[in-house]
Amino acid sequence: MTVTVLLPGVLRADAGGSGHLSLDLPPDTTLRGALDRLAASYPRLDRRLRDEQGTLRRYVNLYVNGAECRGLAGLDTPVPAGAELHVIPSVAGG
């Protein structure tokens, strides 16, 4: 199955300059599995998304088909065929 990862401009340099990445994944893949596959091709991007323990960094928001993964099952969220994974960094200001 294929899913699409959409990246903001700030992370594109770590993905070869691309804002859209296609991942071929086995059926019944979780978000963790999708990120593992992404890490195999783009290790610098993975270090920006996950910490040394493999958990999402607190300033990274990851959406599966428009639903924020922390409100679902976190990294154990199922990723359906054709899904769009949006990576959105947190924005702070004042």
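Helices and strands are named here as DSSP runs, numbered from the N terminus, a helix having at least four residues and a strand at least two. These names are used in every legend below, and the structure shown is a predicted model.

**Figure 1. The chain as a whole, with three helices and five strands.** Followed along the sequence, the elements of the protein chain come in the pattern β-α-β-α-α-β-β-β. The radius of gyration is 12 Å, close to the 12 Å that the globule rule gives for 94 residues, so the protein chain is as compact as a globular protein of that length. Taken along the principal axes, the box filled by the C-alpha atoms is roughly 40 × 30 × 25 Å. Of the 94 residues, 38% are buried, and the protein chain exposes about 5,300 Å², of which carbon and sulfur atoms supply 51%. Among the contacts with a separation of 6 or more, 48% are accounted for by residues 24 or more positions apart.

Figure 2. Strands of a sheet pair through backbone hydrogen bonds, and the pairing may be parallel or antiparallel.

**Figure 3. The parallel pairing of S1 with S5.** Strand S1, residues 2-6, and strand S5, residues 84-89, run parallel and are joined by three bridges. In this pairing Thr4 stands opposite Glu84, a residue of S5.

**Figure 4. Two residues with positive phi, Asp28 and Asn65.** Asp28 is not a glycine, yet it has a positive phi of about 65 degrees; the residue is placed in the loop between S2 and helix H2, which covers residues 31-41. Asn65, likewise not a glycine, has a positive phi of about 50 degrees and is placed in the loop between strand S3 (60-64) and strand S4 (67-68). Asp28 counts as exposed, at 76% relative accessibility, whereas Asn65 is partly exposed, with a relative accessible area of 48%. The two residues fall into these classes because exposed means over 50%.

**Figure 5. Gly17 in the loop between H1 and S2.** Gly17 has its place in the loop that runs between helix H1 (9-12) and strand S2 (20-24). With a relative accessible area of 52%, Gly17 is exposed. The C-alpha atoms of Gly17 and Leu7 are separated by 9.8 Å, and the two residues are 10 residues apart along the chain.

Note on methods:
Residues numbered from 1 in each chain as written. Predicted model: local features only at pLDDT ≥ 70, side-chain atom pairs only at ≥ 80, totals over all residues. Heavy atoms only, no water. Buried < 20%, exposed > 50% of the residue type's maximum accessible area, 1.4 Å probe, protein only. Pairing = 2+ DSSP bridges. Rg over C-alpha atoms; globule rule 2.2 N^0.38 Å. Contact = heavy atoms within 4.5 Å. Areas by Shrake-Rupley, 256 points an atom, 1.4 Å probe, with all protein chains shown as cover.
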